[in-house]
Amino acid sequence: MYICVCKGVTDHAIREAVLQGAERMRDLKASLGVTTQCGICACHAKMVLDQTLKQETPPSSLSCEPTRSYESTV
Ligand code: FES
């Protein structure tokens, strides 16, 4: 779906930009040109950015901490 009609930027392109390291609206503005003309796309672009960042964040429940003791039983 087109998010920024002025620049022809789709939600897929925004997700790809996030996967390439975009973390803020200014990153999308610099890499894709969103919000550089009429600016109407800002709200939806931010929504796609936030949703994609949330999906990329590993769940906080995952941990490298051992879940049980490995003490010797000898
Ligand atoms: S729709 Fe994105 S700048 Fe106009």
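Reader: Which residues have the most contacts inside the largest nonpolar core?

Author: This is a predicted model. In it, the residues with the most contacts inside the largest nonpolar core are Ile 3, Ile 14, Leu 28, Val 34 and Ala 45. The core has 14 residues. β1 (2-4), α1 (11-19), α2 (25-32) and α3 (42-56) each supply at least two residues of it.

Reader: What makes a set of residues a nonpolar core?

Author: Two things. The residues must be buried and of a nonpolar kind, and they must be joined through C-beta atoms within 7 Å. In soluble globular proteins, nonpolar side chains tend to be buried together.

Reader: What does Ala 45 touch, leaving aside its neighbours within four places in sequence?

Author: Ala 45 is in contact with Ile 3, Cys 4, Ile 14, Met 25, Leu 28, Val 34 and Thr 35.

Reader: Which residues make the contact between α1 and α3?

Author: From α1 come Asp 11, Ile 14, Arg 15 and Val 18. From α3 come Ala 45, Val 48, Leu 49, Thr 52, Leu 53 and Glu 56. By kind, six are nonpolar, one is polar and three are charged.

Reader: Is Gln 37 buried or exposed, and how do you know?

Author: Count its C-beta neighbours. Gln 37 has 12 of them inside 10 Å. A residue with 12 or fewer is exposed. Gln 37 therefore counts as exposed. Gln 37 lies in the loop between α2 and α3.

Reader: What does Gln 37 touch, not counting residues up to four places away in sequence?

Author: Gln 37 touches Cys 6 and Lys 7. Gln 37 and Lys 7 are 30 residues apart in sequence, with 8.1 Å from C-alpha to C-alpha.

Reader: What share of the contacts with a separation of 6 or more joins residues 24 or more positions apart?

Author: In this chain, the share is 49%.

Definitions and conventions. Residues are numbered from 1 along each chain as its sequence is written. This is a predicted model: local features need pLDDT of at least 70, side-chain atom pairs count only at pLDDT 80 or more; totals for chains, interfaces and linings use all residues. Two residues are in contact if their C-beta atoms, placed from the backbone, lie within 7 Å. A residue is buried if 20 or more other C-beta atoms lie within 10 Å of its own, exposed if 12 or fewer, and partly exposed in between; C-beta atoms are placed from the backbone. Helices (H or I, at least four residues) and strands (E, at least two) are DSSP runs, numbered from the N terminus. Ala, Val, Leu, Ile, Met, Phe, Trp, Tyr, Cys and Pro count as nonpolar, Asp, Glu, Lys and Arg as charged, and the others, Gly among them, as polar.
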